[in-house]
Amino acid sequence: MPPRDYPLEPFWIPFTANRQFKAAPRILVSAKDMHYVAEDGRAVLDGTAGLWCVNAGHCRERITEAIRKQAAELDYGPIFQMGHPGPFKVAERVKKLLPGDLEHVFFTNSGSESVDTALKIALAYHRARGEGHRRWLIGRERGYHGAGFGGTSVGGIPANRRAFGNLLPYVDHLPHTHDLEHNSFSRGQPAWGAHLAEELEHRIIALHDASNIAAVIVEPVAGSTGVLVPPKGYLERLRELCDKHGILLIFDEVITGFGRVGAPFAATRFGVVPDIITMAKGITNATVPMGAVAVRRGIYESVVNGAAENAIELAHGYTYSGHPLAAAAALATLDLYEEERLFERAASLAPHFENAVHSLREAPHVADIRNFGMMAAIELEPIPGKPGARGYQALVRAFERGVLVRTTGDVIAMSPPLIISKEQIDELVGTLASVLREMATQNP
Ligand SMILES: Cc1ncc(COP(=O)(O)O)c(C=O)c1O
């Protein structure tokens, strides 16, 4: 391996045990299609599409060329009271993929910014309609909505909240839907758990009153917490309850958007149309950061038409909203998804992926397996007194054997690029099976 010509210490690595990582780093230096190349020259099969985002596979020429061309043509243009063609074109393309009357698209640079933007739009919408008392934002336990203060507040992963004080006021949480006793080893949507949506009415609305609640935000399939698939009927019931009480329903589709569940969005796949959809990641195949928030026509019209003429209707945005490079990357990415029919491909690969991951049921220390579309999780029994240690060992050993998986605590998540072949799915799962067997001989 060539010696590293940079130090490891100055970079404070996000969501990482810095001391542990810097003692034994895993560095990737290049990528193509389904593989990374590690610094020691080894090919590593990408079982996670980077961080659930490289849906079309790595370094696709169509996208890299579009970015190169755009960088030489218009590197940057201001987006407040000015414009350039890219974001208008991307908004139109995204609109065509969206269900119902989700027709207007606001650009951000990440999933976290998309979530904070969506929460602010929800508050602004109610205020524009004379219901500014609707301030409560309802998330869900085990939800992940990024790292901004808004997203952290409505998020429900305790470790992500612990260090940051009171976070936003006026936030409450629905219960999560995962229960090993009732829905372990479900293939696709669990049959048990739809009744948990009733908690919105029975507990949250009963306590805060519907007239004070602005929005409910959920991931249609929770990703980062370890792939929690919505029970059959659950999202439909949330939709009904939000409609009944005038509450906006936000789907955070930062992971589930752009083909991950075998459709453009999970909203399409489940046939449940939310009022707002947040997205990021796959919109540019992760090449240039971009996020977006799509809203229903009525939301846009209420906020925009509710303001005085010539006034800025929504005092919100980012210097890089709709950045020309991101827009060029998004247009090329959306072309690629369409030409290669990658969303349909994801749908047709999903049964093979499901069978492959569920073949791990008999592997040592497997407590649960769950899957939906091209997302799957293997939950391991924790080593007594050392939560997360078994998961981390699996990550390290899989990487040593040339396979990249992701772990959250003792849950292994897999979400490969949608160009993966059936043979590569078998390789991914087969490697994991041997890793789990090998680990069991050392840590029974
Ligand atoms: C559902 C969801 N929302 C928001 C985010 C935050 O996105 P970003 O890391 O781009 O800020 C993520 C990231 O994984 C996510 O999965």
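Predicted model: local features only at pLDDT ≥ 70, side-chain atom pairs only at ≥ 80, totals over all residues.
Which residues in H5 meet which residues in H12?

1. From H5, Ile121, Ala124, Tyr125 and Ala128 take part, and they meet Ile299, Ser302 and Val303 in H12. Sorted by class, this contact of H5 with H12 comprises 6 nonpolar residues, 1 polar residue and no charged residues.

2. Geometry of that pair. Two packed helices are described by the angle between their axes and by the distance between those axes. For H5 and H12 (residues 297-305), the axes come within 9 Å and cross at roughly 65°. The crossing of H5 and H12 is left-handed.

3. Domains. The domain assignment of the protein chain gives two pieces for domain 1, 18-56 and 341-442, and the stretch 64-339 for domain 2. Taken over C-alpha atoms, the centres of domain 1 and domain 2 are separated by 26 Å. Their contact takes 31 residues from domain 1 and 28 residues from domain 2.

4. The domain 1 side of that contact. At least two residues each are supplied by helix H2 (49-52), helix H14 (342-358), strand E11 (366-372), strand E12 (375-380) and strand E15 (411-414). H14 gives the most to this side, with 7 residues. The class count for the side of domain 1 that touches domain 2 is 19 nonpolar, 7 polar and 5 charged residues.

5. Positive phi values. Most residues other than glycine have a negative phi. Phenylalanine 258 is not a glycine, yet has a positive phi of about 60°. Asparagine 285, also not a glycine, has a positive phi of about 55°. A check of both backbones on screen can start from their loops. Phenylalanine 258 is found between strand E8 (248-252) and helix H11 (266-270), while asparagine 285 has its place between strand E9 (276-279) and strand E10 (291-296).

6. Are these two residues buried or exposed? Phenylalanine 258 counts as buried because it has 31 C-beta neighbours inside 10 Å, and the cut-off for a buried residue is 20 or more. Asparagine 285 counts as buried because it has 30 such neighbours inside 10 Å.

7. Glycine 83. This residue lies in the loop between helix H3 (61-73) and helix H4 (85-97). Glycine 83 has 12 other C-beta atoms within 10 Å and is therefore exposed, as the limit for that class is 12 or fewer. Glycine 322 is 239 residues from glycine 83 in sequence, but the two are 9.3 Å apart in space, C-alpha to C-alpha.

8. Glycine 430. Helix H16 (residues 422-442) holds glycine 430. With 15 C-beta neighbours inside 10 Å, glycine 430 counts as partly exposed, because that count falls between the limits for exposed, 12 or fewer, and buried, 20 or more. Glutamate 301 is 129 residues from glycine 430 along the chain, and the C-alpha atoms of the two are separated by 52 Å.

Technical notes:
Residues numbered from 1 in each chain as written. Helix = DSSP H or I, 4+ residues; strand = E, 2+ residues; numbered from the N terminus. Domains from an automatic or database assignment. Contact = placed C-beta atoms within 7 Å. Nonpolar A, V, L, I, M, F, W, Y, C, P; charged D, E, K, R; others polar. Axes fitted to C-alpha atoms, helices over the stretch in contact; angles between N-to-C directions. Left-handed = near helix turned anticlockwise from the far one by under 90°.
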